[in-house]
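Dear colleague,

Please read them with the structure open.

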Amino acid sequence: MTRIACAQYAVRDGDPDHNLDISLRFIRQAAAEGAGLVILPELANSGCDLASRERARDLAENLPGGPTVEAWREEAEESAIHIVGGLLERDGDTLHNSAVLLGPETFGRYRKAHLWDREKLVYEPGRELPVFETPLGRIGLLVCYDAWFPEAARALAVRGAQMICVPSNAPDDWIPESQRRGDLTMLDVHCIAAANANRLFVAAANRVGDGYLGRSCIIDPTGGVLALAGASEERLVSVEVDLDRARRGKQLTELSHALEDRNPTVYEA
């Protein structure tokens, strides 16, 4: 069993020092509560509502040696915890909305492949959907809007992911009040669908404050909601999971049929 935690808090746009301090506080809290993995929001170093591409460039960090990643890496080693966090990355003159996976002996990077609205004016989209081998299991990463694309989660599942982590800055759903789904946001709904369709765990850590919706969630391979945060509170939500439940194999037919029953011949174009 592994305890998975999602850190839900308000990210300050353009204030990397504050953002690093609060991220470390939640990482330490997760470790103190026995978590083996903690997920932080999207763009946890910089925030996403920046005045210009020039300002974004000033806040971006090189990987893997930037100050935020180095601080997270040190904390991961000291606390024996794995960390997934969103990061504004600079690669030469190119900017990426990225996520990193850090552990005592682990480093992985994913660049957001699906860019929302004006993000296209700032970032270059990622070109890969990697799955990372860790002591906890096989982990795939998506970033916020990526979760709206079923193909992304399915690609990670086909490549053997047992869990997908989704750092997020999901704002207003634009769903009419009369049509809202109780406590669930569209981010939650997409995470539930991805978990159920692909028979794996999905965990999303969303930002709160300034119109961001919170509702960070941890979802079971059946689509069941294991943990769900409130809409505005800064808090850590966590739950123990057995990642082996998401292993692909004929010995777990009730979990593997979602992939075994695929019919790729009808999917082309």
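Salt bridges and their surroundings

Asp183 has a relative accessibility of 46% and therefore counts as partly exposed, where buried means under 20% relative accessible area, exposed means over 50%, and partly exposed is in between, with a 1.4 Å probe and protein chains only. This is a predicted model, in which local features need pLDDT of at least 70 and side-chain atom pairs count only at pLDDT 80 or more, while totals for chains, interfaces and linings use all residues. Residues are numbered from 1 along each chain as its sequence is written, and side-chain values use heavy atoms, with hydrogens and water left out.

The side chain of Asp183 meets that of Arg215 in a salt bridge, at 3.7 Å from N to O; the term stands for a side-chain nitrogen of Lys or Arg within 4 Å of a carboxyl oxygen of Asp or Glu. This pair links distant parts of the chain, 32 residues apart, with Asp183 in the loop between strand E8 (163–168) and helix H5 (186–198) and Arg215 in the loop between strand E11 (212–213) and strand E12 (217–219). Helices (H or I, at least four residues) and strands (E, at least two) are DSSP runs, numbered from the N terminus. Arg215, at 18% relative accessibility, counts as buried.

Across the whole structure, the search finds 14 salt bridges. One of them joins Glu89 and Arg109, whose closest N and O atoms are 2.9 Å apart. Glu89 lies in strand E3 (residues 82–91) and Arg109 in strand E5 (residues 106–111), so the pair ties together parts that are 20 residues apart in sequence. Glu89 is buried, with a relative accessible area of 1%, whereas Arg109 is partly exposed at 33% relative accessibility.

A further salt bridge brings together the side chains of Asp220 and Arg245, at 2.4 Å from N to O. Asp220 is buried, with a relative accessible area of 9%, and Arg245 is partly exposed at 30% relative accessibility. Salt bridges that share partners also join Glu89, Asp91, Arg109 and Arg111 into one network.

Strand E5 has a covered face, made up of Thr106, Gly108 and Tyr110, and an uncovered one with Phe107, Arg109 and Arg111. In a regular strand the side chains alternate between the two faces of the sheet. Strand E4 (residues 94–103) pairs with E5 in the antiparallel sense over six bridges, pairing being assigned if DSSP finds at least two bridges between two strands. Val100 has Arg109 of E5 as its bridge partner, and E4 and E5 form a hairpin with two residues between them.

With kind regards
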